[in-house]
Amino acid sequence: MSEKVVVLDLDHTILHMLKKSDMPSNDAGFAEDVVFFAHMGVDYAVAVRVGTTSLVRAVKAAGVGVAVVTCNLVADKVMAAIAARCAVFDKIPVHVVESREKGAKSLASVGIAARQVVIVDDSLSAWDPVDQELVVEARRFDVLELALLADRDDDEADAKLDAELGYLTQTRDDLLAIFTPPAIDWTSAAPAPASRDDALPPPSSAAAAAAAATSPLVNQASLAQPDGSQSAPIAAAGARLAAPASRKRAAETAPLHTTSAGFSDPVALAAAENLPASRGQPPHKKILPDHAVVRSAPVST
């Protein structure tokens, strides 16, 4: 069995079998062909659905296997009659499921274990729920209904007959698309994605000046005016850049014990912070332990 398989149902999917006496006489308008066989003294006629031969031939040509799973108890004779008409149906495996209970058909019970399977059947409920996701539910093929449409002479009947005549051709194309998807050429060079520089327009001079006024990383030299001066926004940005350095230098040169009140003498510091005086301590010795928090208090004058 091939790794890829199309499983076909027979009755009302690709054919309709009736007693020969019951087959409509106008079947040429909606059947691909009608074949005959006898079983237990009864003559049967089998109307083959339009497009069946083309479907089977195309699927086989694509390297996909074909199998039949049906509840028709004389399926072997049916397939032999069809194969006598066209050799493309010859040697197709036929699996007969005798039960007509819902879910009686299953891939496991007939031994189909291909890697990729598509089932074409007019009855979804005939299959085991495990396999139902693989079923393409076919439009029911009924020659008695089609014969009535063929006898009518109106637009609605003509539209339904046209849809029926093209149905299996569309099914064939859908199956081929599933089993033989278009190849992707991975060797072809993909277009390079646009860079950020290509995607974004260059900023205008006004936008550059606005960015300089707010950016803490502005380059003062690159934004100088032609005469060496700086615009007001750029100068303001320069002042902001210089401010942290100025504060750092001020902190490095300030007296160790200076408070917000401006005291540098230990006694005055102690009085301002409500701490006990310790005039005899060296000027650089900490008055408070490391974990203490100093809070400035207003000084009475």
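1. Does Lys 91 count as buried or exposed? At 77% relative accessibility, Lys 91 counts as exposed, where exposed means over 50% relative accessible area, buried under 20% and partly exposed in between, with a 1.4 Å probe and protein chains only. Lys 91 lies in the loop between helix H2 (75–85) and strand S6 (94–96), and its phi is near 65 degrees, a positive value in a residue other than glycine.

2. On the basis of the note: this is a predicted model, in which local features need pLDDT of at least 70 and side-chain atom pairs count only at pLDDT 80 or more, while totals for chains, interfaces and linings use all residues. Residues are numbered from 1 along each chain as its sequence is written, and side-chain values use heavy atoms, with hydrogens and water left out.

3. Most residues other than glycine have a negative phi. Met 40, however, has a phi near 55 degrees; Met 40 sits in the loop between strand S3 (31–39) and strand S4 (42–49), and is exposed, with a relative accessible area of 75%.

4. For the chain overall, the secondary structure comes to 10 helices and eight strands, taken as DSSP runs numbered from the N terminus (helices H or I, at least four residues; strands E, at least two). Of the 301 residues, 34% count as buried. Among contacts (heavy atoms within 4.5 Å) between residues at least 6 apart in sequence, 63% join residues at least 24 apart.

5. Strand S1 (residues 4–8) is mostly covered, four of its five residues being buried. S1 pairs in the parallel sense with strand S7 (residues 116–121) over five bridges, and also in the parallel sense with strand S5 (residues 65–70) over four bridges; two strands pair if DSSP finds at least two bridges between them. Lys 4 stands opposite Gln 116 in S7, and Val 6 stands opposite Val 66 in S5.

6. As to aromatic side chains, the count comes to one aromatic pair, the rule being ring centres of Phe, Tyr and Trp (its six-membered ring) within 6.5 Å, with planes under 30 degrees apart counted as stacked, over 60 as edge-to-face and the rest as tilted. The rings of Phe 37 and Tyr 44 have their centres 5.5 Å apart and their planes at 20 degrees, so the pair is stacked. Both Phe 37 and Tyr 44 are buried.
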